[in-house]
Amino acid sequence: MGVVGKPNVGKSTFFAAATLKDVPIADYPFTTIQPNVGVAHLKTQCVCKEMGVTDSPRNSACVNGIRLVPVKIVDVAGLVEGASKGKGLGNQFLDDLRQADALIQVVDASGSTDLEGKKVPVGSHDPVGDISMVEHEFDLWMFGILKKDWEKATRSLEQTGGKIVDHLAERLSGLSVTFGDVEQVILHLHLRTEKPSAWTDDQIMQFVVETRKLTKPSLVAANKADLPSSPVNIEALRKTGRVIVPCASEAELLLRKAVEHALVEYTPGDPRFVVKDPQKLNPAQVNALKMVEEKVLKVYGGTGVQEAVNGAFFGLLKAIVVFPVEDETKLSDKNGRVLPDAFVLKGGSTALDLARTVHSELADTFLYAVDARTGKRLAADHVLSNRDIVKIVSSGKRG
Ligand SMILES: Nc1nc2c(ncn2[C@@H]2O[C@H](COP(=O)(O)OP(=O)(O)OP(=O)(O)O)[C@@H](O)[C@H]2O)c(=O)[nH]1
Ligand SMILES: [Mg+2]
């Protein structure tokens, strides 16, 4: 999952709140230069309670029946208009998002930063246009990757009988774009595959836009939602038809740090927190927590950070969380660890995809899988559902 946006909107604050990694945050543009890479967690109902077992998670955590499953998150530098021509930090840093399956675009919903991310009076900038600016710069980056040798490459394809679909899939493979994705977009746009050298820049751009929508779906985290100018802007952002998640990254960061210091009880995504011992809080902390309660939790029902992370996976990617086990009656691995792992898979993933995720050897020697709930055998192409508990049976040695 990648975090993008213009500068100074709170991308790194969002990242820090989601990962609790200590990264530079400041109220001026281009604080982030090198990408920040970390681990956020998807929040989902664990299967332990339903199955009546006490679990001992290994790759994830289980807190009161809530499974927290790790996912990779990358926060990059801010994008400005003209980045493709070298403005700001340019757009080369978007290379760091090549592997992202989904994007969270952070927007300053308070309108307190201009198009370049410079501070302006709160409420004076309309954030609606920021979304298309960032998307357009993202598209120009992808366009640049294709355009670099377009003429030479397409002419050579036409001479040798090579296929444009293969060429595009190869050129974009590092961006998690597959042959099937390319084929789908070309079909949808009715692009002429026999003479790609005749594609206009507009057509290449259309291809890029559709490919981005298909392979890098995004939602908008309408950040700084705690500021007074935000609710009106959030309404305007919603009218764009985009998925908008009101977000207060700073509030989430404060709560997560308070949990770290054992000051409050709070699970990310919850609409409330509980102060453990009021005596332990200094007046500044009391005030900060009161602000979070009044300006964020009471207004939006949460800080939005967890909602955005979950929305990217469960909403945009229709992701599922699956629990592989080696003993389908005890729901354990070979060492007796109950429900040790939880894996995030893209929606539509099969039993064989799960095997591949657990261990490539398991996929190579896959025989069948077993649904631990029903005891039924599942074939390699069986499409898994969210919260499935699955044993994989292979002919080879277990990896
Ligand atoms: N009021 C408010 N301020 C926030 C919130 N999130 C971030 N900020 C502030 O916004 C400013 C920019 O935060 P960063 O996280 O550094 O923003 P960025 O988008 O990573 O910025 P660059 O790396 O420079 O592109 C800082 O002063 C943050 O404290 C929020 O939820 N509410
Ligand atoms: Mg930053």
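## Backbone angles in two loops

Arg387 is placed in the loop between strand E13 (377-378) and strand E14 (389-394), where helices (H or I, at least four residues) and strands (E, at least two) are DSSP runs, numbered from the N terminus. The phi angle of Arg387 is near 70°, a positive value in a residue other than glycine. Lys224 belongs to the loop between strand E6 (218-223) and helix H8 (230-238), and its phi, near 60°, is likewise a positive value in a residue other than glycine.

This is a predicted model, in which local features need pLDDT of at least 70 and side-chain atom pairs count only at pLDDT 80 or more, whereas totals for chains, interfaces and linings use all residues. Residues are numbered from 1 along each chain as its sequence is written, chains are lettered from A and ligands numbered from 1 in the order in which they are written, and side-chain values use heavy atoms, with hydrogens and water left out.

## The surroundings of ligand 1

Ligand 1 is surrounded by 23 residues, of which the closest are Thr13, Phe30, Thr31, Asp226 and Glu250; a residue is counted as near if one of its heavy atoms lies within 4 Å of the molecule. By class, this shell holds nine nonpolar, nine polar and five charged residues, with Ala, Val, Leu, Ile, Met, Phe, Trp, Tyr, Cys and Pro counted as nonpolar, Asp, Glu, Lys and Arg as charged, and the others, Gly among them, as polar.

Polar contacts (pairs of N or O atoms within 3.5 Å; within protein, one must be able to donate a hydrogen and the other to accept it, and residues adjacent in sequence count only if both atoms are side-chain atoms) link the ligand to several of these residues. A polar backbone atom of Thr31 is 2.7 Å from an oxygen atom of ligand 1, and a nitrogen atom of ligand 1 lies 2.8 Å from a polar side-chain atom of Asp226. In the side chain of Glu250, an N or O atom is 2.6 Å from an oxygen atom of ligand 1. The protein covers 91% of the 660 Å² of accessible area that ligand 1 has on its own, as given by the Shrake-Rupley method with a 1.4 Å probe, where for residues only the protein chains shown count as cover.

## The pocket that holds the ligand

Where does ligand 1 sit? The space taken by ligand 1 is the largest pocket, a molecule being placed in a cavity or pocket if more than half of its atoms lie within 2 Å of its grid points. On a 1 Å grid over the protein atoms alone, a pocket is an open set of points with protein on both sides within 12 Å along at least five of seven lines, a cavity is a set of points where a 1.4 Å probe fits but cannot get out, and lining residues have an atom within 4 Å of a point.

The largest pocket has a volume of about 470 Å³, where grid points are joined across faces, edges and corners and a volume is the space filled by probe spheres set on the points. Its lining comprises 29 residues, and Asn8, Gly10, Thr13, Ala26 and Lys224 lie nearest the centre. H1 and H9 are the elements that give two or more residues to this lining, and H1 provides the largest share, three residues. The lining divides by class into 12 nonpolar, 11 polar and six charged residues.

By the same rule, the count comes to two cavities of 30 Å³ or more. The largest cavity contains about 80 Å³ of space, and its lining is made up of Val4, Leu103, Gln105, Val134, Glu135, Phe138, Arg212, Lys216 and Ser218. Strand E5 (103-108) and helix H3 (128-147) are the elements that give two or more residues to this lining, with the largest share, three residues, coming from H3.

The second largest cavity has a volume of about 30 Å³ and is lined by Ala17, Ala18, Ala40, His41, Arg256, Val305, Gln306 and Val309.
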